[in-house]
Amino acid sequence: MKSTLKPLTQRPAWKALTAHHKKIKGLHLKQLFAADSKRGERMTLEAAGLFLDYSKNRITNETLKLLFKLAAESGLKARIKAMFNGEKINITENRAVLHVALRAPKNARILVDGGNVVPEVHAVLNKMEAFSKRVRSGAWKGHTGRRIKNIVNIGIGGSDLGPVMAYEALKHYSDRSLTFRFVSNVDGIDFVEATHDLNPAETLFIVSSKTFTTLETMTNAGSARDWLLKGLGRNPKAVVKHFVAVSTSAEKVSAFGIDTANMFGFWDWVGGRYSMDSAIGLSTMLAIGPKNYRAMLAGFHELDEHFHTTPFAQNLPVLMGLLSVWNTDFFGAETVAVLPYEQYLKRFPAYLQQLTMESNGKHVTLAGKKVNYQTSPVYWGEPGTNGQHSFYQLIHQGTRLIPCDFIAFGQALTKLGRQHDILMANVFAQAEALAFGKTAEEVRVEGTNGALVPHRVFEGNRPSNVILARRLTPEVLGKLVALYEHIVFTQGTIWNVNSFDQWGVELGKALAQRIVPELESKATPKLKHDSSTNNLIRHYRKLKITS
Ligand code: F6P
């Protein structure tokens, strides 16, 4: 697709935003709120059961107008259409980008190379459902005839972060008679700790890898096979009952020794970090059951429809994507803190790190030109209120501007006295404190005097979004993930980068493959790296021998 777009910084809306930013950057959120008594009600948006309060961003009506203009000048509408139409917008890999097809209803039609992919999606879903029912009911037996009690997902990146996040997020809905573990790191300890208390006769491994070549996953899968065979009398036939695979490569699955009848496929048009609702979600379905899993897909789909069809001014992901561009490129914010006030979402920030940064951590445009603006900020975070007692100090009084996304729910999944109200009071208090701070005068009035005053001042004027939903259900989790997927899409479109490749992970992988034999060889290897790398390798070889 030849682009007719102007470079980002030459678009009229970008130039206007630059001038506008100069004008309003000195305004404090206090002033913005004082000037408009309805701001806190006006700057909110509700869609698909998610309520967003974005009033505590450093914006005016004019900012919003210009940001929507920027979206229009950046061709966002056409690009959304192109994605939903199955066009090959991942140009560096010549692939369509169709995670939205994974949650499309049965009767939808989404074409890739002239073929409708929706029936295939539903065929895999049905296969996952039949398998999940057999495992959950005990009909699927292990090699020795015992029922499966433990499920271990082996995968990394998108083949791990989504499954582990979803399992933790939806634990409330999971079958507690099953034990779930997730092995990702090539550090052997990950595997050892995940399996040390499991009985191989009752353990099922899901080897999840889109490519089925990833070093970490294949190494761990090999260790799992050895562990299983050791525990089950070294009968290779045992593998069939204890290993299933999720992959796009039947050939490689079969070469590993897994029966392709027990393989759950997906397609090259699903990116790893966009795959938690493909067959990569098999562990999720085993945990929460097919019905809940389908509810999660329905949640995803509802947000997809919202993104696809809603005008920008009422479009949640578009708005949030644009606000993050505003904070990143105009206010110079380098990071975004994602702060779920919901312990079940403890892995959500880690999941978002891959989604956001592997997607938009790019230094060249779609046309391969170096960008002259910032692309993805660093996403990070921890659940509240824990973070409040660790890094929030920096967010409140440090020297950096850190926009925050607070995520919270109207109802706790399990009520415990007053705890949910206390939790929620903290969400609102944090967003309030960040925005409005506390002046020296207010500190003095409280009785603090002299040298201590500046230490107790909060400048405020720190932006945040608050997202509220009724309860953390499978459906709502689907909506939240889709929301961030489409925020990433919006950002990537404005920044004019390819949000769907990840060449940046390749160099390290290739170098590691070269270094492995240098660490393992009995003879002293001839090292041809830089002097630091050579020295580190030599040092490691010494440590290895003497330890
Ligand atoms: O190294 C990055 C990456 O390619 C991710 O994009 C992907 O999610 C992960 O590795 C795992 O890949 P696979 O599912 O092919 O094992």
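A polar contact is a pair of N or O atoms within 3.5 Å; within protein, one must be able to donate a hydrogen and the other to accept it, and residues adjacent in sequence count only if both atoms are side-chain atoms. Here's one: an N or O atom in the side chain of Gln354 sits 3.2 Å from an oxygen atom of the ligand. Keep in mind that this is a predicted model, where local features need pLDDT of at least 70 and side-chain atom pairs count only at pLDDT 80 or more, while totals for chains, interfaces and linings use all residues. Residues are numbered from 1 along each chain as its sequence is written, and side-chain values use heavy atoms, with hydrogens and water left out.

**Around the ligand**

**Arg541**
- You'll find Arg541 in helix H20, residues 531–546 (helices are DSSP runs of H or I, at least four residues, numbered from the N terminus).
- Arg541 is buried (under 20% relative accessible area, with a 1.4 Å probe and protein chains only).
- Arg541 has no salt bridge (a side-chain nitrogen of Lys or Arg within 4 Å of a carboxyl oxygen of Asp or Glu).
- A polar atom of the Arg541 side chain does lie 2.9 Å from the backbone oxygen of Ser521.

Note on methods: Helices (H or I, at least four residues) and strands (E, at least two) are DSSP runs, numbered from the N terminus. Buried means under 20% relative accessible area, exposed over 50%, partly exposed in between (1.4 Å probe, protein chains only). Lys and Arg count as positive and Asp and Glu as negative; His and the chain ends are not counted.
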